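Please view the sequence and the structure first.

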Amino acid sequence: MKQIKNFKIAVLIVITSIVTLISCNKDDDSANIELNSVTNYKTPKYIFYFIGDGMGAPQINVTEAALNEPEFQSTRTKSVGIGSLNLRQLPVTGMQTTHAEDRYITGSAASATALATGYKTSIGTIAMNSSHTKDYKTIAEMAKQKGLKVGIVSSVSIDHATPACFYAHTDSRSKYQDIGQDLINSNFDYFAGGSVRHNKYKNYSITNFINDASSNGYTYINTRSAFDALNKESGKVIATLEKFKTNTSDGCALPYLIDLDALNSPNDKITLSEFTAKGIELLDNDKGFFLMVEGGKIDWACHANDVVSSIYNTIEFDKAIGIAINFYKKHPNETLIVVTGDHECGGLTLGYSSTGYQTAFNLLQYQSMSYVEFENKVRNWAKTKNATFQTALNQAQAAFGLGNASLNSNLGISDYERNLLQNAFNRSMTGESTHEPEEISVIYGSYDPFTITITHILNNKAGIDWASYKHTAVPIPVFAMGQGMYEFSGYYDNTDVAKKIIKIAQLNK
Ligand SMILES: [Zn+2]
């Protein structure tokens with residue numbers, strides 16, 4: 001009896017072992033197949049890194065929703081196909097978490113340090129550890145050391161937190177003079193976009209900056225003709241807009257795309273996608289290049305809860321991605337494109353309490369200027385004290401379509417909305433309000449009350465809402481195309497994006 005039992009146990013052990021062996025083999029085989037498709041790639045020598053500041057999934061999605069409307073297919077955006085962005089062509093998608101070392105909701109310096117170096121750091125720190133005792137080497141510096149040419153392009157100032165994290169090391173993102181010095185000393189080949197924040201310099205000026213840059217071999221240009229004339233023989237270049245040599249309006253950022261047509265000087269109309277195309281032209285060489293492009297004003301528009309300005313700038317950012325995709329098609333075996341954001345901004349969502357399941361994105365197409373341009377008008381009224389509530393409403397109608405029921409009956413203003421606008425207008429003109437101070441920060445943030453009430457009402461009518469005037473902590477999509485792209489599949493941390501690029505492009509070798 002005991003023998004039979006032992007025999008039964010022995011048989012059971014043998015069967016179990018065989019089953020385990022078979023299933024193990026099966027697992028090993030499938031793991032190998034998966035691993036091969038992930039690791040079977042060539043080392044890319046052309047690396048594109050696109051960072052949409054403040055660009056989470058909602059910012060992408062609302063842009064595609066708007067692209068079905070005629071105005072968003074206008075001359076400003078004509079190269080974009082209806083209803084879909086170029087980034088849809090990137091075959092691999094992942095998702096990254098964004099928290100900083102010392103705060104769950106990140107800021108652009110900490111998140112860009114993660115995306116540029118593979119390390120977490122504290123809020124406000126540029127490519128250093130959180131105790132500010134050690135510099136973190138950036139992937140752009142690694143690329144330069146490896147012999148690749150390096151370009152840094154941004155639609156905000158080129159010393160802003162996101163671009164700075166690729167070439168500067170400092171304990172504070174607001175140390176613009178130090179960041180400017182690091183820029184000049186980086187020896188990178190191409191800087192383009194907005195200017196440097198020279199109004200933040202002490203005993204130093206834009207002229208000093210340009211002189212020092214030129215001593216280090218940089219050509220500084222700020223006109224359309226000089227930009228068009230740039231070529232492979234131009235050497236190291238800093239390319240910016242004309243107006244920033246004398247003023248620093250709107251943080252030295254390129255104008256919002258929605259405001260571009262209204263500008264006069266061609267020297268101030270060079271766009272992010274043009275700076276990107278020029279970068280490829282100048283950097284292209286046999287050893288390869290690393291090009292980082294930041295869509296910086298998607299974030300600024302979302303801080304101000306202005307979805308239309310965010311949409312136009314996302315379209316422009318995507319146009320730059322389209323240029324990289326065209327380059328990829330000519331060099332598929334040597335190119336990697338990675339597109340992501342540093343964090344979401346504004347808590348943007350598609351859906352609003354009083355519109356329920358309904359959306360009306362067509363209402364967004366009547367907005368014709370950014371919140372910044374409209375704010376300037378409102379501030380001027382407050383100064384000159386010459387605007388009545390009715391003139392303000394007329395101006396809102398002209399700039400946003402809001403209140404023009406003949407364009408679309410949904411644009412009509414209800415008594416409730418009129419009341420919101422009246423309260424906001426009073427606050428904009430006199431600083432007075434019937435609201436409690438705590439309520440003020442919820443309904444207006446730190447923005448002009450009348451302007452932000454207009455964007456809120458217009459956005460809500462379209463079925464869009466906002467939870468914040470700051471960043472949020474939701475995970476951010478990552479898109480990849482080209483050599484090593486499968487590495488970007490999955491759900492990981494923002495530090496892993498840089499680590500993956502370093503590994504794929506062998507930047508630390
Ligand atoms: Zn921001």
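Does Asn-404 count as buried or exposed? Asn-404 counts as buried because its relative accessibility is 17%, where buried means under 20% relative accessible area, exposed over 50% and partly exposed in between (1.4 Å probe, protein chains only). The model is predicted: local features need pLDDT of at least 70, side-chain atom pairs count only at pLDDT 80 or more, and totals for chains, interfaces and linings use all residues. Residues are numbered from 1 along each chain as its sequence is written, and side-chain values use heavy atoms, with hydrogens and water left out.

**Loop residue**
- Asn-404 lies in the loop between α14 and α15; helices are DSSP runs (H or I, at least four residues), numbered from the N terminus.
- Not counting residues up to four places away in sequence, Asn-404 touches Gln-397 and Leu-411 (contact means heavy atoms within 4.5 Å).

**Helix α15**
- The buried residues of α15 include Leu-421, Phe-425 and Met-429.
- Among the elements covering the buried residues of α15 are α13 (371-384) and α17 (449-461).
- Gly-431, with a positive phi near 80°, follows α15.

**Nonpolar cores**
- The largest nonpolar core has 99 residues; such a core is a set of buried Ala, Val, Leu, Ile, Met, Phe, Trp, Tyr and Cys residues joined through side-chain atoms within 4.5 Å.
- Helix α12 (residues 307-330) gives this core its largest share, twelve residues.
- Phe-275 and Phe-450 are among the residues with the most contacts inside this core.
- Apart from this core lies another, of 55 residues, including Leu-115 and Tyr-220.

Definitions and conventions
Helices (H or I, at least four residues) and strands (E, at least two) are DSSP runs, numbered from the N terminus.
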